[in-house]
Structure formats: C-alpha cells, structure tokens
Amino acid sequence: AQPKTKKTLGKTGVKNVVVVEGVRIPFLQSGTSYADLMPHDLARAALQGLLTRTSVPRDVVDYIVYGTVIQEVKTSNVAREAALGAGFSDKTPAHTVTMACISSNQAMTTGVGMIAAGQCDVVVAGGVELMSDVPIRHSRKMRKTMLTLNRAKTLGQKLSLISKIRPDYFTPELPAVAEFSTSETMGHSADRLAAAFGVSRLEQDEYALRSHSLAKKAQDEGLLQDVVPFKVPGKDTVTKDNGIRPSSLEQMGKLKPAFVKPYGTVTAANSSFLTDGASAMLIMSEEKALAMGYKPKAYLRDFVYVSQDPKDQLLLGPTYATPKVLEKAGLTLGDIDVFEFHEAFAGQILANLKAMDSDWFAQNYMGRKSKVGAPPLDKFNTWGGSLSLGHPFGATGCRLVITAAHRLKKEGGQYGLVAACAAGGQ
Amino acid sequence: MGKKPNKNQFEFIWGHKPTDGMVNTLSKQLSAEFTDVMNEIWANEAVRSAVLISSKPGSFIAGADLNMLEACKTAQEVTQLSQDGQKMLEKIENSPKPVVAAISGSCLGGGLEVAIACHYRVATKDRKTVLGTPEVLLGLLPGAGGTQRLPKMVGLPAAFDMMLTGRNIRADRAKKMGLVDQLVEPLGPGLKTPEARTIEYLEEVAINFARGLANKTVSAKRSRGLMQRLTDYAMALPFVRQQVYKTVESKVQKQTKGLYPAPLKIIEVVKTGLDQGNDAGYLIEAQSFGQLAVTKESKALMGLYHGQVHCKKNKFGNPQKEVKTLAVLGAGLMGAGIAQVSVDKGIKTILKDTAQKGLDRGQQQVYKGLNSKVKKKSLTSFERDSILSNLMGQLDYKGFEKADMVIEAVFEDINVKHKVLKEVEAVIPAHCVFASNTSALPISQIAAASKRPEKVIGMHYFSPVDKMQLLEIITTDKTSQDTAASAVAVGLKQGKVVIVVKDGPGFYTTRCLGPMLSEVVRVLQEGIDPKKVDAISTAFGFPVGAATLIDEVGVDVATHVAEDLGKAFGQRFGGGSIDLFKLMVQKGFLGRKAGKGFYVYQEGVKNRSVNSGMDEILQKFRVPANPDVCSDEDIQMRLVTRFVNEAAMCLQEGILSNPLEGDIGAVFGLGFPPCLGGPFRFADSYGARQLVDKLRKYEAVYGSQFTPCQLLLDHANSPSKKFHQ
C-alpha cells in the first residue's frame with residue numbers, strides 16, 4: 001500500500017472519540033417479521049443487543065441519541081421510550097433527531113460533539129425505522145371538525161358539526177413520499193439524476209447486482225458481525241437480513257421503470273427497498289474506553305455536513321461532502337482504505353461516482369479547481385450496501401460506520417470514509 | 001439545419017442551426033431545406049425513422065415567418081404558401097417511416113402544425129415549452145392543416161378552444177389533452193449544463209420512441225380516457241356537432257361583435273373539414289388563410305405584434321447597475337401591484353406604507369395575487385412562500401440605503417409627492433433611481449423638489465398592475481440616459497410592454513384619454529344613457545364601454561385629471577361639463593370602488609343596473625343634441641377622432657417618439673380597439689383625409705375641440721404619407 005499522507009488524525013487538545021461497538025438487528029423488508037411491532041420495539045432490540053454484546057453497565061451511559069425519519073406519533077421521542085424499555089437507567093437522558101437518511105449519522109455526530117465538548121464520556125447513538133407501519137392521518141378538514149367537536153358544548157352544536165361532515169372528509173392523508181419543497185419523489189429525482197449523468201439502465205442493473213452478490217458473499221462468510229439476533233414476540237428468532245437477492249441481469253432487465261414511465265431507468269431492482277430495522281452504537285472518549293478495559297474498534301475523527309439544491313442535486317451529497325471532509329482531515333482520496341457509501345439507488349451511486357470524477361462538475365458547481373476523483377470500486381461497499389442489505393432510513397448511518405470499522409480491521413486498513421445522501425438535498 | 005445519422009444509420013436528426021435570431025420560424029428557406037432532408041430520409045433505405053428536433057434552446061418552431069406573409073401582395077400568394085405547407089405536412093403524415101417531434105421550447109402556430117403532422121410527440125416538461133395556435137391573435141387561422149388535424153387529435157371542443165383563444169398550453173396540460181404523447185422532465189447539472197443535457201436527453205428518448213415505432217414495439221395510438229371517448233362519440237353525431245358550432249359561433253359573435261373575421265372563419269373551416277371531408281377542408285383552409293392575411297384586421301394585429309416586439313427591447317441599452325432591491329412607496333392597489341410583479345421576478349422588494357392597515361391590505365393583495373397562481377397550478381405553494389420571503393412590508397425607511405430604485409405610488413398630490421421625494425432622498429444611496437407612478441402630474445414638476453433631477457423618472461403603470469401589460473415611462477429633459485435604461489430594464493423584467501415618452505401634462509396615454517372621456521360626458525349630457533354609450537363604444541371595438549371606463553378609472557380621479565389637463569390645454573379638452581363629475585363626486589358616485597357610479601356595483605351580481613341616482617344629475621346638465629352629429633356612427637367617430645387627433649398631436653409635439661409606441665400605448669394601456677391596431681394604424685387604414693373631413697364636420701358644430709392638428713392635415717394633404725409604411 002502507498003504511504004499515507006498523515007500518520008494519524010489525532011488532534012492535540014481535542015479528546016479522541018472511539019467506537020466501542022456497533023450492532024444492528026437484521027434489516028428486513030417491510031411487511032415481514034417486524035410488521036406487527038412498533039418502532040421503539042426495534043430500537044429496544046438493538047439497544048439490548050448492544051448491552052449483551054458489550055456488557056456495559058447500564059448506568060455508565062451518560063446519554064442516548066436516536067435518529068428516525070417517519071415518526072410514530074405515540075413515541076415521538078423514540079430514543080427515550082426505547083431506552084426505558086431496554087432497561088437503561090431512568091436517569092439517562094435521551095433525545096431523538098431527524099435528518100432524513102442521515103438521521104443516525106446525526107445521532108452519532110451529536111454524540112461525538114458531546115464527548116468532545118466534555119459533556120459526556122459515554123453515549124449510545126442509534127437509529128430506527130419501521131416502514132411496515134406509517135402514520136396515516138385523517139384529512140385536515142376531518143381533523144378540524146374533530147377538534148372543534150371537542151370544544152362543542154351542547155348537543156345541538158355537536159350535531160351541527162357532525163352534519164357538516166362530507167364523504168371527502170374521510171379521504172386519508174398518507175405520509176408524503178415526495179420532497180416537500182419540490183413535490184418530486186426521490187425515485188423520480190434519482191432517475192433524472194442518472195439521466196443527467198448519462199448513467200444507463202444496464203450500468204444501474206450491473207451495480208445493483210454487484211451489491212447483492214457482495215452482500216450475499218459477506219453474509220455467507222459471516223462478515224456481517226454487526227447483526228444481533230432478535231427474538232420477535234410470537235415469531236421465530238430473526239438472525240439475518242432478508243433482502244439480499246442476487247438475481248440475473250436478464251431478470252432485472254425485464255422490470256418496468258418505477259418512476260419515470262415508460263422510459264426511465266430506475267426500477268425496483270436497482271433501488272433500495274422499504275426496510276424495517278434498527279441500529280445502536282456505543283461511543284466513548286478513548287480514555288474512558290481504555291479505563292473500562294474496552295478495545296476500541298475505530299476512532300471517529302472528522303465529519304462534515306453539506307447541502308445543495310433539493311431539486312436537481314437532491315442525491316449528490318457524497319460528491320460535495322467527500323472532498324470537503326478529506327481536506328478537513330488533511331487526507332487525499334488515495335489515503336482511504338475503505339469506502340462505505342449509502343446506496344439509495346444504483347443510479348444515484350453511479351451519478352455520484354461520475355460527478356466526483358468530473359473536473360467540469362467540480363469547477364462549475366462545487367467551486368473547486370479540480371475533481372476529487374472517484375473511489376476505486378475494489379475498496380467500495382465490498383460487503384454490500386443499502387441496495388441489498390436494506391435501508392431503514394434512520395438506522396443506516398450506524399451500519400455504514402460499523403461496517404467501515406469491521407472492514408478496516410479485516411483488511412488491515414487505516415482510514416475509512418463514510419458518506420450518504422439524504423432527502424432535502426443534504 | 002443539420003442531418004445527424006446515428007451510428008446504426010437508422011435515424012436522421014433534423015435540427016436548425018442558430019443562423020437567424022433566437023427563435024426558429026418557418027421561412028421559405030427553412031421549408032425548402034426541410035423538404036430536402038425529408039426526401040433524403042424517404043429515399044435512404046437504411047433510415048427507418050426520423051426525429052425532428054431544434055438545436056435552439058427554448059424554441060422548437062415559434063411559428064411561420066411573418067415577414068414572409070407580409071411580403072405577399074395578394075390573397076392568392078398567401079393561399080399558395082398555405083398549400084405548399086399543407087403538402088409538405090401531408091407527406092410527413094403519410095410517411096411510411098415514423099417521424100417523431102422532439103419538442104423543447106415554444107411550439108406555436110406553424111410549429112405546432114408540424115408537430116401534429118408527425119406520428120409521435122415527445123416534449124420537455126418545463127415552463128418554456130408551450131404549445132398553441134396563436135394565429136387567431138394575428139387575425140389568421142392555422143393554415144398548414146392545423147384546422148383539420150387538431151379537432152381529430154384533441155377533440156372538437158378543445159380544438160376550438162385552442163384555435164379561438166390562441167392560448168399557450170404548457171407541456172403537462174398538452175399531455176393530458178393528448179396533444180403530446182410523452183413528457184421528458186428537464187434534467188439538472190450532470191457532465192454538461194442542464195440545458196444542453198436536457199436537449200440531448202430529449203433526443204435520446206425521442207430516438208428510442210422513433211425506433212420503437214419503426215419496430216412496432218411502441219404504438220402511436222393513445223389510450224383515451226372515458227370522458228374523451230364519450231366526447232368523441234358525441235362529436236361524431238352530426239346534430240351534436242351542429243349544436244357545438246352554434247354555441248361556439250354565438251359566443252364568438254358576442255365577444256368579437258363581428259369585428260374580427262378570423263374566429264368565424266376558423267369555425268367555418270373546421271366545419272367544412274368535418275362535414276365534407278379532408279379535401280374540401282384543406283382547400284377552404286388555404287383559401288381562408290389567404291383571404292384573412294390581407295384583411296386590415298390582420299394587418300392591424302400583426303402591426304401590434306411587431307410593436308410588442310419593439311417594446312420588449314431596451315433602446316437605452318443595459319443600465320450600469322442592475323436593480324436588485326426595489327422599494328415601493330404606498331401599498332395601495334397600484335403600489336402592491338407593482339410590488340407583486342417585481343417580487344415574483346426575483347427582485348428584492350420593500351413595500352412601505354404609512355399605516356399598518358394599508359400595509360396589511362397591500363401585503364394581502366400580493367399574497368392573493370401569487371396564491372391565485374398556486375390555485376391555477378402555475379406556481380407551487382413552496383415557490384409562493386419563497387417568493388414572498390423577498391417582500392418586506394414596513395412603515396419606516398429601514399433598508400432604503402440598499403435600494404437601487406424607489407417607485408412611489410402615493411396619493412396624487414404634488415405636495416405629498418414632494419414630501420416623500422425629500423424623505424426618500426435623505427436615505428437612499430447616490431445611484432438610486434426615483435420613479436413616480438403618477439398618471440397625470442408632470443414629472444418635471446415632481447423633479448423640481450429633487451436634489452438630483454437626473455435620477456427622477458416617471459413610471460406610469462396601469463391598473464390592475466398584474467394584468468395590464470403596458471408601462472409608460474416618462475423622461476424629462478433632465479432625466480439621464482442611465483436612469484431611463486434602468487427604468488426600462490425593470491419594466492421589461494416585470495414583464496411589461498414598455499413605451500417611453502416625453503414629459504408633459506398627461507404624458508401620452510392620459511392625454512389621449514382626456515378628450516375622449518370629455519366627449520363621453522358630452523354624449524351623456526346629450527341624453528344618451530350610459531348603457532347605450534357602452535354599447536356604441538364596444539360595438540366599435542373598445543373592450544370596455546366608455547361609461548364603464550369612467551367608473552373603472554374612478555370619477556374622482558377623472559375629475560382631478562380633467563381639471564389638470566383642462567388647465568394645461570384649455571378649450572381643446574372641453575366638451576362635457578366637468579361640473580357633472582364634481583356633482584357625482586359630491587354624491588359619492590365615485591365609480592366601481594364606491595359601489596356606485598354610472599352603474600350600481602354589487603358583490604356577486606353580474607348584470608349591473610344603471611344607477612338611478614344619476615338621472616337627476618344627467619337631467620341637470622342636459623344639453624340639446626344636434627341630430628346631424630348624433631347617429632351611432634357619429635358618436636363613435638366623435639370619441640375616436642378626438643382620441644386620434646390628440647395622439648397625432650403627441651407625435652407632432654415629440655411626446656411620442658414614433659407612431660408604433662403610440663399604437664401600443666393606446667391598445668395595451670387604454671383599450672383602443674385592437675382590430676384597428678391603434679390610433680396611427682387606424683388613421684392609415686381609415687384615411688387621414690376622411691378623418692380630417694369628419695373632424696371638420698364636428699368642428700362646425702362643436703368648435704375647436706375638433707380642430708385637426710397640423711400633422712393630420714399634412715397626412716390628409718398628401719395621400720402617400722402614412723404613419724406605418
């Protein structure tokens with residue numbers, strides 16, 4: 001391997017923050033074994049898995065942060081409900097964050113910040129998503145009537161309100177699948193992005209097939225050590241991800257476009273699927289971890305958030321963030337041994353790779369002198385990715401980080417880089 | 001024009017090279033080249049399908065070349081052009097090799113006819129892509145088979161709607177109507193600019209469909225909705241069709257008063273095609289196209305089109321500093337209207353008023369204006385909110401130090417104007433332009449209070465600002481070129497048609513309107529009731545009746561203006577009694593805004609009734625009528641000749657710099673009958689001699705108000721002299 005630009009990324013005067021352990025329950029296609037649970041059940045299982053795996057005393061944990069996207073209204077602070085249910089001390093505060101598909105990245109970096117600032121020594125960060133059940137609301141008109149009904153005093157008032165209800169009041173309101181600012185669904189945007197970068201249907205199918213094949217291999221070889229079994233009440237113990245389905249290019253080619261009909265390129269087979277799952281990670285200051293006798297798995301050194309046009313560059317976050325975080329850390333792309341990028345769509349990944357490899361794009365849209373370069377594929381998502389393992393929105397970030405740590409260890413690398421795109425163009 | 005065989009030698013891509021101007025027009029040359037390429041496509045065995053696409057961003061084909069039409073001397077020549085076009089497009093329609101139109105940008109008139117002759121249409125779904133048949137707006141009809149193909153494609157009712165209104169149809173709507181088969185969403189940045197890549201992508205998608213059509217893997221047959229199938233079924237029944245013709249005809253009659261021949265011809269041509277078959281249809285289409293092209297209505301409308309193009313250019317060049325922050329003083333109807341058309345074009349806008357209540361009303365007006373676009377789906381609620389974030393409503397002068405231009409729309413009183421001018425000049429930066437939106441106060445008088453008169457200019461908007469297209473810009477002797485350039489640039493950005501005139505009482509528009517309204521009052525005094533006055537004037541082509549117009553303007557405003565102009569111009573602006581207006585004001589009959597004027601206005605009542613309170617007033621000011629000059633036609637001519645005479649005087653005095661702007665100002669600002677093309681076009685077509693004769697006839701009865709001006713006399717004396725060559 002080539003010599004690294006820098007030997008270490010440690011900074012004087014700043015606490016080293018380490019990952020002690022990270023786990024996740026198996027990621028399942030929505031509507032399968034987790035279908036009858038609630039989000040905090042999944043988060044609870046991940047938290048308990050983490051406790052079992054690390055044997056960390058529950059009251060050592062100073063703080064818990066969880067990320068989630070589609071909130072169950074009954075448990076809007078899902079972090080707190082899950083922590084209480086998992087048997088953590090009721091003296092440990094917990095809060096929930098949301099930032100679309102990078103919600104658990106936000107949870108982790110929140111923890112990093114707390115430790116670096118000296119607020120805490122031990123933080124549990126995680127994420128959860130349950131796509132099998134989403135809140136479907138009454139229509140606004142109906143809600144208004146119902147709320148006014150609460151305040152109505154006489155029977156006459158109540159009856160007059162009820163008499164105003166029309167059939168269209170019963171039309172339910174589904175949670176938006178589209179970007180609020182642009183009204184465009186993410187799949188549609190991904191299709192346009194792929195077209196903008198001239199990514200063909202075949203390239204996308206090939207990439208998706210690669211993701212599934214690599215995931216299958218990693219699963220078979222037992223490399224996905226972050227998975228903890230989950231005994232689902234009333235059902236069998238779930239031990240592995242169920243969305244990995246290596247198919248053939250021929251079969252994938254038969255699918256019709258899912259968003260831009262009839263001629264688009266993004267299909268169900270080259271997109272990540274709706275997934276249920278949860279993850280949890282134990283992070284500590286290095287001194288605390290060592291004092292407690294843990295052997296840290298990785299240092300969390302630097303991070304950067306970016307955002308851009310939510311219409312035409314919705315999914316280009318990794319392109320913008322990669323050169324920035326490398327610059328911040330003082331590294332080059334060549335220094336990185338392991339890349340873990342979130343795969344929302346095959347087209348999105350390939351568009352990002354092309355964008356990162358384009359001087360024209362770097363100069364005209366990123367205000368940079370030259371391109372950062374595309375990560376070499378042999379270092380890129382080699383144990384599968386969101387396309388094959390699944391993508392429970394709020395939980396994916398922790399999976400990316402712990403997978404990078406495990407791959408570094410397995411492959412003997414030093415530096416890993418994790419990147420993800422998120423709704424809102426971030 | 002270019003041919004681009006792709007690697008399999010299967011498709012020809014036909015594009016226009018940007019040789020002449022920004023848009024593609026169907027000229028003789030283009031048609032010839034097009035025919036050549038198509039012949040080659042048909043002859044070449046390797047080619048199995050073709051795609052028509054433009055290389056010019058924002059324009060597929062914007063229509064036929066008007067110069068080509070205008071160069072024709074006779075109806076026969078135009079008919080020949082139409083038949084050539086019909087033949088070319090018939091060949092495309094019957095082509096054994098599928099032809100796909102890839103549409104990005106305007107696809108209008110002849111361009112749309114090319115597109116609908118193709119077998120398949122793919123269009124980009126962006127705001128620039130519009131389809132339509134605007135021929136009727138030029139007094140013409142779709143003359144290359146459009147009248148025959150369109151009803152079959154979108155159904156009779158939709159086809160009539162398109163051809164009779166000339167409205168632009170956005171791509172997504174066109175898809176729903178069945179006018180296009182596929183939409184392509186515009187792309188964002190990739191490895192090329194969004195525009196370049198989007199066109200390339202459109203081409204790729206179109207090629208795929210062309211290939212699919214050739215291989216029979218794609219069907220050009222559209223799946224039609226139940227409603228559409230029902231409509232089609234009904235339209236196939238002769239008696240239902242007759243009913244549709246009748247309804248449409250009576251509607252057109254009502255709206256055009258028979259003054260515009262084109263809409264009626266369109267109905268006739270469509271009817272012939274559907275009832276008597278294609279051959280008869282194509283023949284009458286070509287003949288009617290020829291006949292229409294030489295009518296004076298068509299010439300008038302084309303003149304207006306050229307005028308509009310002229311008034312969409314900034315003859316002062318680019319201003320040194322672009323206006324990025326605009327402040328509007330006064331949140332009344334006008335002020336808020338100006339704020340609305342500015343803020344939605346991305347100009348940061350401060351809306352200042354002196355009272356919270358007035359400010360709230362103004363801000364609500366802007367919100368309502370934008371929200372109505374949301375309801376019509378031309379804007380998303382998110383875009384509305386983000387536009388409104390650039391509007392600052394306030395009661396103080398905060399932030400004026402960053403203003404590049406201030407437009408005042410405060411009360412029309414010279415003292416108030418002077419007061420705000422001084423206040424503003426104390427807070428604005430040196431480069432900031434001060435514009436006054438006054439309809440009558442001379443700008444030089446307002447500028448007299450300024451420390452920097454070179455930065456003072458008039459910007460006369462018309463109400464309602466978001467609907468009326470005209471902006472009259474008034475320069476004084478002291479106004480600098482850069483100030484004028486800046487004002488015109490802002491007006492154009494606001495989407496206005498801009499005329500620039502010299503300062504003087506009433507400028508151009510208000511000044512022309514003055515004598516006419518005075519004559520209206522005289523006519524009313526002569527015992528003609530308001531309804532009849534309205535009927536006579538709309539029959540002449542005015543979109544709004546003359547009495548209603550006074551109600552719309554506001555009787556108090558009219559009084560104000562009449563007094564000012566009367567002082568400035570004396571006897572010539574006399575005629576009707578100004579005391580009649582004053583009494584109306586006294587009684588509170590201020591027009592629409594007060595609910596009462598000549599008519600009574602009630603919310604939700606469509607057929608307004610005459611205000612009976614006016615009987616007494618009209619009786620009081622009654623004057624005897626001279627039957628020699630009181631026929632309907634005479635009344636029309638009394639109104640119009642005074643208008644035209646005053647307009648000519650404005651040109652004579654140099655208030656107007658050319659007749660073209662005079663026509664545009666009159667039609668777009670004052671509702672001068674568009675079919676007449678404006679006062680100068682009318683003088684040409686009616687004849688200056690005849691006009692002077694009329695003026696002399698009325699002069700003999702009423703005196704100097706009808707004395708023709710020197711310029712008109714000059715034209716009358718030499719018949720070869722025309723305002724428009």
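**View 1. The interface between chain A and chain B.** In this predicted model, 19 residues of chain A are in contact with 18 residues of chain B, and the two chains bury about 1600 Å² between them, with 64% of that area on carbon and sulfur atoms. On the side of chain A, the residues that lose the most area to chain B are A:Ala196, A:Tyr263 and A:Trp360, which together account for 35% of what that side buries. The count of salt bridges between chain A and chain B is zero, whereas three residue pairs across the interface are in polar contact, with both residues of each pair at pLDDT 80 or more.

**View 2. The side of chain A that touches chain B.** Helices α6 (186-196) and α12 (359-365) of chain A each supply at least two residues of this side, and the largest share, five residues, comes from α6(A). Sorted by class, the side of chain A that touches chain B has nine nonpolar, five polar and five charged residues.

**View 3. Helices α3 and α14 of chain A.** The axes of helix α3 (residues 103-116) and helix α14 (residues 396-411), both of chain A, come within 5 Å and cross at roughly 65 degrees. From α3(A), the residues A:Ser104, A:Asn105 and A:Met108 meet A:Thr396, A:Gly397, A:Cys398 and A:Val401 of α14(A). The contact of these two helices comprises three nonpolar, four polar and no charged residues.

**View 4. A salt bridge between A:Asp337 and A:Lys4.** The closest N and O atoms of the salt bridge that A:Asp337 forms with A:Lys4 are 2.6 Å apart. Because A:Asp337 lies in the loop between α10 (317-329) and β10 (338-341) of chain A, and A:Lys4 in the segment before β1 (17-24) of chain A, the pair ties together parts that are 333 residues apart in sequence. Over all chains, the structure holds 64 salt bridges.

**View 5. Backbone details in loops of chains A and B.** In chain A, the peptide bond from A:Lys261 to A:Pro262 is cis, with omega near 0 degrees, and A:Pro262 is placed in the loop between α8 (249-253) and β8 (275-285). In chain B, a cis peptide bond with omega of about -5 degrees joins B:Ser463 and B:Pro464, and B:Pro464 lies in the loop between β16 (456-461) and β17 (470-475) of that chain. A further detail concerns A:Ser55, a residue other than glycine whose phi is positive, near 55 degrees; A:Ser55 is found in the loop between α1 (39-54) and β3 (63-67) of chain A.

**View 6. Spans annotated as domains in UniProt.** For chain A, the unreviewed UniProt entry lists residues 17-287 as "domain: Thiolase N-terminal"; the end C-alpha atoms of this span lie 9 Å apart, and the span is 36% helix and 15% strand. For chain B, the annotation "domain: 3-hydroxyacyl-CoA dehydrogenase NAD binding", also from an unreviewed UniProt entry, covers residues 326-503, a span that is 39% helix and 22% strand and whose end C-alpha atoms lie 23 Å apart. UniProt, again in an unreviewed entry, lists residues 506-601 of chain B under "domain: 3-hydroxyacyl-CoA dehydrogenase C-terminal"; in the model this span is 64% helix and 2% strand, and its end C-alpha atoms lie 29 Å apart.

Key: Residues numbered from 1 in each chain as written. Chains lettered and ligands numbered in written order. Predicted model: local features only at pLDDT ≥ 70, side-chain atom pairs only at ≥ 80, totals over all residues. Heavy atoms only, no water. UniProt positions renumbered as here; feature names shortened; annotations may be inferred. Helix = DSSP H or I, 4+ residues; strand = E, 2+ residues; numbered from the N terminus. Axes fitted to C-alpha atoms, helices over the stretch in contact; angles between N-to-C directions. Contact = heavy atoms within 4.5 Å. Nonpolar A, V, L, I, M, F, W, Y, C, P; charged D, E, K, R; others polar. Buried area = accessible area lost by both parts, 1.4 Å probe. Salt bridge = Lys/Arg side-chain N within 4 Å of Asp/Glu carboxyl O. Polar contact = N/O pair within 3.5 Å; in protein donor to acceptor, adjacent residues only side chain to side chain.
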